[in-house]
Amino acid sequence: MRDMSDPVPALNPQPPSEAAAPAFRARHALLKRLADVVSLPASRVNAFERSVTGDLLVEMLRLAAPRERYRVAARLAPLAELPNSLARMLLRDEPPIAGLLIEQCASLSDADLAACARDTGTEHRFLMAGRRGLTEVVTETLIAFGEPQVIECLLRNTTARLSQSGIEAIVSLSRQSPDLCSHLLRRPELRPSGAYVMFWWSGAEDRKTILQRFAVSREVMQEVVEDVFAMAAEEGWQDPVSRKALQFIERRQRNRGAIEKSPYDSLEHAVSVAAADGLNPQVAAEIAYLAGIKPLTGAKIMGDVGGEPLAILCKATGMSRVDLQNLWRSIRRPETTQDGRVHPDWDRVQVTYEMLAVDRAQTVLRYWNWSLSSALSPALLKAIREGDDDALDEYSTPERAAMMALADNFGR
């Protein structure tokens, strides 16, 4: 995979110059006539004749000047049928020549395009990313090179189809290239699982978009499984599979059992103490337990630079605006600027709190808790520490989410 910091060459190929091309009239005429034969309809030339003519044309083009190859490519690009040997050669030619086929030739197969992507360079792949009607096979090949400029072009291409594995790969790449986030958020293939993970390294506007578009309600799930809660209770909540799923669906967010063991009277009490004394690891862990999330999830939320996750935590747990302010103060974040105006970060956090409904905030919070804690197997932790992005396919969706969102926490 190409290093994300490498410069991308200029992606504006121009037609080759005539200056260095020798004036061989016979060669020019012969190239034109052979290209005309290849262009004849099936009623005039059969497949074998077309193939033999194509082979001869390939041998001539190997020694021809770039401008001559450009003319032939321009003549052949609109064809519905093109000899394979000729297509392979022209696709691997200089970008201005190959670009004619990449952009115009409808007869190119997925195999032709994927092979071209593997055998050429960034400029070819950039041109390919803008081709109409790209399938998942080709887009996955392009994404695998990890070139931000190519991927941005691909995301802008509304006719290209992206697979879920391709989307997940781009979500992972967006951690090093945050500019991809806004383009990725416009793709219809992006699902909440990817958006919730990408939230952690997205900018303020992209975070707002994620919450507006992907913070979904669980109302339908709650309606269809309403009687299942009673069934699980009768069984003593012994089945870990159903228990975990029902914890995600249920309306209650706070951990009632944690109150009995807590030194604090309530979640609000713990937050007010943190506001007065400052947030330490012990109090932070207690707030997480009372809020019904794991300490690891709580640490990620309270350590976030933007601050919006604090608003999500407060809204999901039913805490008030005063509690949000106390939590903000507990991490010693500014509320006003030096000239006395509301600090932009604090203003943004308050807006986030107001814009979210409780149920939708709970969906985001519970997905974070699910993906950032319960999915952390020893193998996943090892992969995070070692930066083993190549092993992503071995893990489940929440495990992949945890790997990407927590990577920075382990010194990557």
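The model is a predicted one, in which local features need pLDDT of at least 70 and side-chain atom pairs count only at pLDDT 80 or more, while totals for chains, interfaces and linings use all residues. I also note that residues are numbered from 1 along each chain as its sequence is written, and that side-chain values use heavy atoms, with hydrogens and water left out.

Glu219 counts as partly exposed because its relative accessibility is 45%; I use buried for under 20% relative accessible area, exposed for over 50%, and partly exposed for what lies in between (1.4 Å probe, protein chains only). Together with Glu223, Glu226 and Asp227, Glu219 forms a negative surface patch. The elements that give two or more residues to this negative patch are helix 14 (219–224) and helix 15 (226–234). For patches I took residues with over 30% relative accessible area and no salt bridge, like charges being joined within 9 Å and nonpolar side chains (Val, Leu, Ile, Met, Phe, Trp, Tyr) within 5 Å. Lys and Arg count as positive and Asp and Glu as negative, with His and the chain ends not counted, and the place of a charge is NZ of Lys, CZ of Arg, CG of Asp or CD of Glu.

I then turned to Val220, which lies in helix 14 and counts as exposed because its relative accessibility is 60%. Val220, Met221 and Val224 make a nonpolar surface patch of about 290 Å², with accessible areas taken from the Shrake-Rupley method with a 1.4 Å probe and, for residues, only the protein chains shown counting as cover.

Entry on salt bridges. I counted 18 salt bridges, each being a side-chain nitrogen of Lys or Arg within 4 Å of a carboxyl oxygen of Asp or Glu. In one of them Glu189 pairs with Arg187, the closest N and O atoms being 2.9 Å apart; Glu189 counts as buried at 13% relative accessibility, and Arg187 is buried with a relative accessible area of 3%.

I next checked Asp345 and Arg333, whose side chains meet in a salt bridge at 3.3 Å, N to O. Asp345 lies in helix 23 (residues 344–355) and Arg333 in the loop between helix 22 (321–330) and helix 23, so the pair ties together parts that are 12 residues apart in sequence. Asp345 counts as partly exposed at 22% relative accessibility, and Arg333 counts as buried at 19%. Both belong to a network of salt bridges that links Arg207, Asp304, Glu308, Arg333, Asp345 and Arg348.

For Arg341 and Asp339 I noted a salt bridge at 3.0 Å, N to O, with Arg341 exposed at 55% relative accessibility and Asp339 exposed at 52%.

Entry on Arg69. Arg69 lies in helix 3 (residues 66–76) and is buried, with a relative accessible area of 11%. Leaving aside residues up to four places away in sequence, I found that Arg69 touches Leu61, Ala64, Met89, Leu90, Asp93, Glu94 and Ile97, a contact being heavy atoms within 4.5 Å.

Entry on the whole protein. I recorded 26 helices and zero strands, and buried residues make up 48% of the 412 residues.

Terms used. Helices (H or I, at least four residues) and strands (E, at least two) are DSSP runs, numbered from the N terminus.
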